[in-house]
Amino acid sequence: MGRPTKPVAAATSPRLRTLAAYLRQLKDDTRTTYATLSERTGPPNAPGYRGASTLSQAARGTHLPPLETVLAYARAAGDPGSHSTQRREATALSLWKAAAIEKARPHLAGRGRRTRQVRTPASLGQELTRLRLRAGRPSYSAIEKATKADGHRVSRSTAHLILNGKVLPSREQLSALLKAFDVSVVDAAQWHAVLDRVEDRRRPPEPTRRGRGYACADADPAVQEYLERRERDEEIKRRTGQIHPDETYEDYEERMRERAFQQQTSDDWLYEDCDEPEDEAQRQARAAEQAASEPS
């Protein structure tokens, strides 16, 4: 039956440990070796083939294995096409997603932008990337497969451009990506409103007929320049640590205003309670004024 598998390291994260334990349990239930499991994944040249060492690494718990490897492991641990195989795949998928989200959690520190703060393709791409991380950080190949199964394929290269803020998605592409990232229908409607707003900002502003103003304040080029400058300032302050991970830009500004107010209050108190001492000339002048005011 081969050498016994080493215990999972104590430093392994809880959800990754659970996934590794489940994979090991599948192997124990089949009472077989990794070589046999590897043979069940198909011939060596087949796309779904996984070698014995690859399957052994997946169950070791030292790192998060690819989703495709985990699913191939679950299929090989029983009769293909049976209901038990479908249950094993579903369980393995659920445990893998939980472990992937756990791994991605450090990248999700702090709050993302509120939807009303997303105004550019770059900021939209950043927020879609956060949704991808919350969904377990599926690979671009997995995104392409999921969107294709949903009926509107988003290729790997297109998904990469969208998530990096290089291009705006179409409404169909956005819908497919949101479904691939397990976004609810209610939240998806908010992101479609965000896409509409970003598209509106990219259109040339149309001045009103009643004067030289603009129909909407956000359409004013000066307002757009201010908002873009504000976004750049926020990015710089986040990189330098001036904005805390759990703060928005508005929270940071409020904290700065409170600090300035406290400093001003402290300075006023010092000036009120600490009068400067008089010098000799000032004392003589004051004595002369008092003498002159006294009746002779």
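## Charges over rings

A charge is taken to sit over a ring if NZ of Lys or CZ of Arg is within 6 Å of the ring centre and within 35 degrees of the ring normal. By that criterion, the charged end of R132 sits over the ring of Y140, at 4.5 Å from its centre, and the charged end of K27 sits over the ring of Y34, at 4.9 Å from its centre.

## Basis of the model

The model is predicted, with local features needing pLDDT of at least 70 and side-chain atom pairs counting only at pLDDT 80 or more, while totals for chains, interfaces and linings use all residues. Residues are numbered from 1 along each chain as its sequence is written, and side-chain values use heavy atoms, with hydrogens and water left out.

## The aromatic pair

Searching the whole structure gives one aromatic pair, where rings of Phe, Tyr and Trp (its six-membered ring) pair if their centres lie within 6.5 Å, and planes under 30 degrees apart count as stacked, over 60 as edge-to-face and the rest as tilted. The rings of Y34 and Y73 have centres 6.4 Å apart and planes at 70°, so this pair is edge-to-face. Because Y34 belongs to helix α2 (residues 34-40) and Y73 to helix α4 (residues 67-76), the pair ties together parts that are 39 residues apart in sequence; helices here are DSSP runs (H or I, at least four residues), numbered from the N terminus.

Both Y34 and Y73 are buried, meaning under 20% relative accessible area with a 1.4 Å probe and protein chains only.

Notes
Helices (H or I, at least four residues) and strands (E, at least two) are DSSP runs, numbered from the N terminus. Buried means under 20% relative accessible area, exposed over 50%, partly exposed in between (1.4 Å probe, protein chains only).
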